[in-house]
Amino acid sequence: EFLADKEDNPLVAQTGSRVVKILGNRELQNSAISGRSTRHMDIELDSDMTYRTGDHLCIVPKNDLELVKRVERRFNLNGKARVQLKSESADNMQLPIDTPLSVRYMLTELLELQSPASRKDVEALTRHTECPKSRPNLEKLAGDDYREHVFLKKISVLELLEQFPACELPFGVFIELMPMMAQRYYSISSSHLEHKDRCSITVGVVNEPAISGNGQFKGVCSNYLSSCPENSSVYASIRATKAGFRLPENSETPVIMIGPGTGIAPFRGFLQERAKLKESGKNLGNATLYFGCRHPDQDFLYREELEAFASTGIADLHVAFSREEKKKVYVQDLIRENREQVWQMIEDGAHIYVCGDGSRMEPDVRRALTTIYSEEKDVGVEAANAWLEQLISEDRYVLDVWVSN
């Protein structure tokens, strides 16, 4: 039987992703000083794709080649070898079954190879280890030592296999333990009023010492995108934002935007949209942007654009630098400093948007706002929290946040 030399990614089919073209890929940071990277990427959309300001672009990623080769070396595999998967359980039907595919393709595009090992994963490794030295150590990791030495250090199954070469885990079982590859979501950093057939995203490239202590941890999708040259293609789809994360229908409604780091992304789109509305003769309400970064000479993303928007009255700009002086300053500090303006805008019906780190930044912003309300109204914490919940229910305090790893 002659087999077609074609391998279809099930994630592409499941998500309805289309081929999009990379029109530009440029660095936003002064990486020589900061040692970090944030990429601005301009993307030409498929003719069937449309978006609105505030939506997300969802990318189908690929694993780094060196990571894939580590798996191949551990199992003594030839990446060009073609395999055919069979399943006795409906639970394992996400991978292509009864279809020949290459080992390298499967490892590159279908499986998450860096996910932290679960306790059940470690137990599986233990069951396939006969070595009298390795097995007791794996049993400890599957037991009382799991949280401290695996979970908190985010140790992957691959790292454990490299740490315990005596483990005889079959490749088929390894595949079963791996989660399926998932899309990565990026807030679109442009307005559909600027360009209907193209958009941009702002990508913080994750490449830092691994929490596990084993070399560098490289984010799957951010490193994949950062290496995409101009005129290359990726698979992507559009995901509509939650209804509230759009500019108010009434352009005169005041707007407060809070987005440090790559949280600036949707607000660049908001500012472009406000500029287009002003250009078309619409009256604009007051708008304020609170942006935060480490240092003005390192990672002041889109500085010239943001300062131009401020100079033309599109939005006031307040920037917090956390590494410029000895005292660290964050967006929530500036909100407290500008409490009179913030409170007046809220009293005037402002919509508040927060984008960025949901584990630390957003709770700090929430506390700053509830503290202002508590002091203005002379009420306690409970009443202030109830007020903020009311803003949330009215889509006047809207989040686009993620939890940092």
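A salt bridge here is a side-chain nitrogen of Lys or Arg within 4 Å of a carboxyl oxygen of Asp or Glu. By that rule, this predicted model has 24 salt bridges. The tour visits some of them and then turns to the aromatic rings.

**Stop 1: Asp299 and Arg36**

Select Asp299 and Arg36 and show their side chains. They meet in a salt bridge, with N and O 3.0 Å apart. Asp299 is in the loop between β12 (287-293) and α12 (303-311), while Arg36 is in the loop between α2 (31-34) and β2 (37-44), so this pair ties together parts that are 263 residues apart in sequence. Is Asp299 buried or exposed? Asp299 counts as buried, at 7% relative accessibility.

**Stop 2: Arg366 and its two partners**

Next, select Glu362 and Arg366. Their closest N and O atoms are 3.0 Å apart, and the two form a salt bridge. Both belong to helix α15 (residues 361-377), where they are four residues apart, or about one helical turn. Glu362 is buried, at 6% relative accessible area, whereas Arg366 is partly exposed, at 24%.

Glu389 lies in helix α16 (residues 381-393) and Arg366 in helix α15, so the bridge ties together parts that are 23 residues apart in sequence. Glu389 is partly exposed, with 45% relative accessibility.

**Stop 3: a network**

Now select Arg18, Asp46 and Asp48. Salt bridges link these three residues in a network. Side chains of opposite charge can pair when their charged atoms come close.

**Stop 4: Phe270 and Tyr353**

Clear the selection and move to the rings. How many aromatic pairs does the model have? The count is 14 aromatic pairs. For one of them, select Phe270 and Tyr353: the ring centres are 5.2 Å apart and the planes stand at 85°, an edge-to-face pair. Phe270 comes from helix α11 (residues 265-279) and Tyr353 from strand β14 (residues 351-357), so the pair ties together parts that are 83 residues apart in sequence. Phe270 is buried, with a relative accessible area of 0%. Tyr353 is buried too, and its relative accessible area is 0%.

**Stop 5: Phe300 and Phe321**

Select Phe300 and Phe321. The ring centres are 5.9 Å apart and the planes are at 65°, so this pair is edge-to-face. Where do the two residues lie? Phe300 is in the loop between β12 and α12, and Phe321 is in strand β13 (residues 316-321), so the pair ties together parts that are 21 residues apart in sequence. Both Phe300 and Phe321 are buried. The loop that holds Phe300 is also where Asp299 from the opening stop lies.

**Stop 6: a cluster of rings**

**Stop 7: a charge over a ring**

Finish by selecting Arg74 and Phe75. The charged end of Arg74 sits over the ring of Phe75, at 5.9 Å from the ring centre.

Methods: Residues numbered from 1 in each chain as written. Predicted model: local features only at pLDDT ≥ 70, side-chain atom pairs only at ≥ 80, totals over all residues. Heavy atoms only, no water. Buried < 20%, exposed > 50% of the residue type's maximum accessible area, 1.4 Å probe, protein only. Phe/Tyr/Trp six-rings, centres within 6.5 Å; stacked < 30°, edge-to-face > 60°. Lys NZ or Arg CZ within 6 Å of the ring centre and 35° of its normal.
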